[in-house]
Protein chains: 2
Amino acid sequence: MRILKETTPVSDGFRMPAEYERHQGCIMIFPERPDSWQYGGYAARKAFVQIAEAIAESEQVTVCAGGARYDNARALLPPHIRVVEMSSNDAWARDYAPTFLKNDKGVVRGVDWGFNAWGGLCDGLYFPWDKDNQMARKLCDLLGFDVYDMRDFILEGGSIHVDGEGTCMVTECCLLSKGRNPGLSREEIEVRLRSCLNVSVVLWLPWGIHNDETNGHVDNICAFTRPGEVVLAWTEDREDVQYPLSKACLDYLEQAVDARGRKLKVHRLPLPKPVTVTEEECRGLDACWDEPARRPGERLAASYVNFYIANGSIVMPGFGDPADAEAKAVLEGLFPDRKVIQIYTRDILIGGGNIHCITQQIPAAD
Amino acid sequence: MRILKETTPVSDGFRMPAEYERHQGCIMIFPERPDSWQYGGYAARKAFVQIAEAIAESEQVTVCAGGARYDNARALLPPHIRVVEMSSNDAWARDYAPTFLKNDKGVVRGVDWGFNAWGGLCDGLYFPWDKDNQMARKLCDLLGFDVYDMRDFILEGGSIHVDGEGTCMVTECCLLSKGRNPGLSREEIEVRLRSCLNVSVVLWLPWGIHNDETNGHVDNICAFTRPGEVVLAWTEDREDVQYPLSKACLDYLEQAVDARGRKLKVHRLPLPKPVTVTEEECRGLDACWDEPARRPGERLAASYVNFYIANGSIVMPGFGDPADAEAKAVLEGLFPDRKVIQIYTRDILIGGGNIHCITQQIPAAD
């Protein structure tokens, strides 16, 4: 694995493919952190295993497990899913596995962004985050890919989406937050995104999902479904605190133009009714630092947009909500060539994210 | 990775290739154990890195490093050598990385033998050995190979050599030792070797190298150099305690017949003058359990036979002994198509082995 510091993806002819382009596989991390996964993580593990199995129907899945958990991960996962030993601080592959790039010869490389647990000492979610921050390089080394050293720029994979045709989508609330890159202006951040992802247009949605502790990752509120089309988390309840956030995003998207000069087609994906954490669930979470990890009644950032696009399927969350079926039908309409698999993920949501947050696709080498 | 329990390599048509057949790569483990590697292991690491670099001239090298050592291993090794995170109790890839097999379609599989630190609670060298014993499966999983579960049979890779044409070579002193498989007779052990390695003849050398704490692994005293030919560690000093051991092996080999019905051609490889550990070296070793790891004046099992056959080279030990050059010349004569690279390995020898002990070849997939 060469660590590339002198050149950029753009100068070397690499770009980040869209998630709906072909994958060679997917990376996940086995959950174990007791202040993220309630009651020893048994329920979360079950959901992780179901998600890995669903994705593995159409692409190779590699699950990273800390040394002490390797045996258990190996025992819980079926033989066709690969388990490798790798330390981490938690289980968010989207945010600290590499962002993978590809050139027109089909060569794959990774980007190693700086990671500071969603805000570092300013408003980050745990400390330390050293092992998470090592994963991008370890994974590139494991997979035999060269890696761009972008550790001086703080970015999580969940805070970006690309259409594969020159457009990137982010949120202002996250990328401009004080805990990321306070020394960089919006324009300077755009320059980084352009040179690292090889995009010419950056769309800045104003908001994410209410109370999303990542400062509002784009991958929880909006996703490309194909070039020129996006799906937006939506509520018709004008009294809900999420309404003005989604409405502001809709207004922005309806006037936006992508890198190919297209107006975007915006599909609305219903949100479930507000999901709050129970007292019983809070009792199953260890304290984080010297504070409770969650407080009873706290609203969780539930959204069906947090799905993963596998080669042959869409793996999407379910919350036991009446909107589950409606959301599934919307995605079935938007992805007619893929099977939509819905998995009950309340136990991942309590940890702070959902299916897209715990997965990272590796583009196919041609 | 499928774990195969119902079938055997023989029944599935797999055999262990000889080390001189083509490799796809080599596995090593980064040293860190303070009762094996003196003074923090800095000198041993240097030798390990030199060996990895020599092998990597002609095949891919993967070095496993414990989580806490990963960064340092990555920094010390060049970019073309892959480093993966993997826990171990020590650094003897020969003995607990899988024994790799191949079928006539070029498919590779591994064998996961039981490992008990060279004798378990009887006369093993450290406790516990749990992480070592996990490595064979972890490596097969990492590499995408199915693995035969042979954990109920204690065997180290250094205690077997094969010629790739149906012959296996072992030592009685090791395989019949009380700390290995005391419940199995010599005939029952042979049955296991035949079915796991796919050999029809097992040659039982009586002895290994004097004071070799593995109970006398064959890979320190004798090795196949091609079908029908072996190289034997030899001394002309009839007063030396090694003389009767090497002589008994020579007598055995001179009457032996291999699986193809050939009489073996035995080449003698000179031994260096006796190597003993110094007081200064002992002071740099942590205690092992409640005893000193080594005592001043203790004789080490130095032997030039402990070399590695890479695709393009022979990587062999040197001890700063007058016999270094002579031994190198012998191997140059026996391997005319390979470059012989001699590396000063006293710092590995103090740990208890040498170049062959810290490497494991992966046969090429066709």
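A polar contact is a pair of N or O atoms within 3.5 Å; within protein, one atom must be able to donate a hydrogen and the other to accept it, and residues adjacent in sequence count only if both atoms are side-chain atoms. The views below come from a predicted model, in which local features need pLDDT of at least 70 and side-chain atom pairs count only at pLDDT 80 or more, while totals for chains, interfaces and linings use all residues. Residues are numbered from 1 along each chain as its sequence is written, chains are lettered from A and ligands numbered from 1 in the order in which they are written, and side-chain values use heavy atoms, with hydrogens and water left out.

**View 1. His23(A) and its surroundings.** The side chain of His23(A) makes a polar contact with the side chain of Glu59(A) at 2.9 Å. His23(A) belongs to strand E2 (residues 23-29) of chain A; helices (H or I, at least four residues) and strands (E, at least two) are DSSP runs, numbered from the N terminus. With a relative accessible area of 5%, His23(A) is buried; buried means under 20% relative accessible area, exposed over 50%, and partly exposed in between (1.4 Å probe, protein chains only). Leaving aside neighbours within four places in sequence, the residues in contact with His23(A) include Glu59(A), Tyr308(A), Asn311(A) and Pro363(A), where contact means heavy atoms within 4.5 Å. Pro244(A) is 221 residues from His23(A) in sequence, and the two C-alpha atoms are 36 Å apart in space.

**View 2. The interface of chain A and chain B.** Here 19 residues of chain A are in contact with 19 residues of chain B. The size of an interface is often given as the accessible area lost when the parts come together. Between chain A and chain B about 1600 Å² is buried, with carbon and sulfur atoms giving 41% of this area; buried area is the accessible area (1.4 Å probe) that two parts lose on being put together, summed over both. Four salt bridges are counted between chain A and chain B, a salt bridge being a side-chain nitrogen of Lys or Arg within 4 Å of a carboxyl oxygen of Asp or Glu. Lys138(B) and Glu85(A) form a salt bridge through their side chains, at 2.5 Å from N to O. On the side of chain A that touches chain B, two or more residues come from each of helix H3 (70-76), strand E4 (82-85) and helix H6 (130-143) of chain A. H6(A) gives the largest share of that side, five residues.

**View 3. Gln134(B) in helix H6 of chain B.** Gln134(B) is part of helix H6 (residues 130-143) of chain B. Its relative accessible area of 14% makes Gln134(B) buried. Not counting residues up to four places away in sequence, Gln134(B) touches Tyr70(A), Asp71(A) and Arg151(B).

**View 4. The salt bridge of Asp146(A) and Arg2(A).** The side chains of these two residues, Asp146(A) and Arg2(A), meet at 2.8 Å, N to O. Asp146(A) lies in the loop between H6 and strand E7 (147-154) of chain A and Arg2(A) in the segment before strand E1 (3-4) of chain A, so the pair ties together parts that are 144 residues apart in sequence. Asp146(A) is buried at 17% relative accessible area, and Arg2(A) is partly exposed at 42%.

**View 5. Helix H9 of chain B.** H9(B) has 13 residues (243-255), which at 1.5 Å a residue should span 18 Å, and its end C-alpha atoms are 19 Å apart, which agrees; the expected span is 1.5 Å times one less than the number of residues. Buried in H9(B) are Tyr243(B), Leu245(B), Ser246(B), Cys249(B), Leu250(B) and Leu253(B). These residues cover an arc of only 165 degrees around the axis, which puts them on the same side of H9(B); the arc is that of the directions from the helix axis to the C-beta atoms. Among the elements that cover them are strand E10 (167-171) and strand E14 (265-270) of chain B. Lys247(B) and Asp251(B) form a salt bridge, with the closest N and O atoms 2.8 Å apart. Both residues, Lys247(B) and Asp251(B), lie in helix H9 of chain B, four residues apart, about one turn of the helix.
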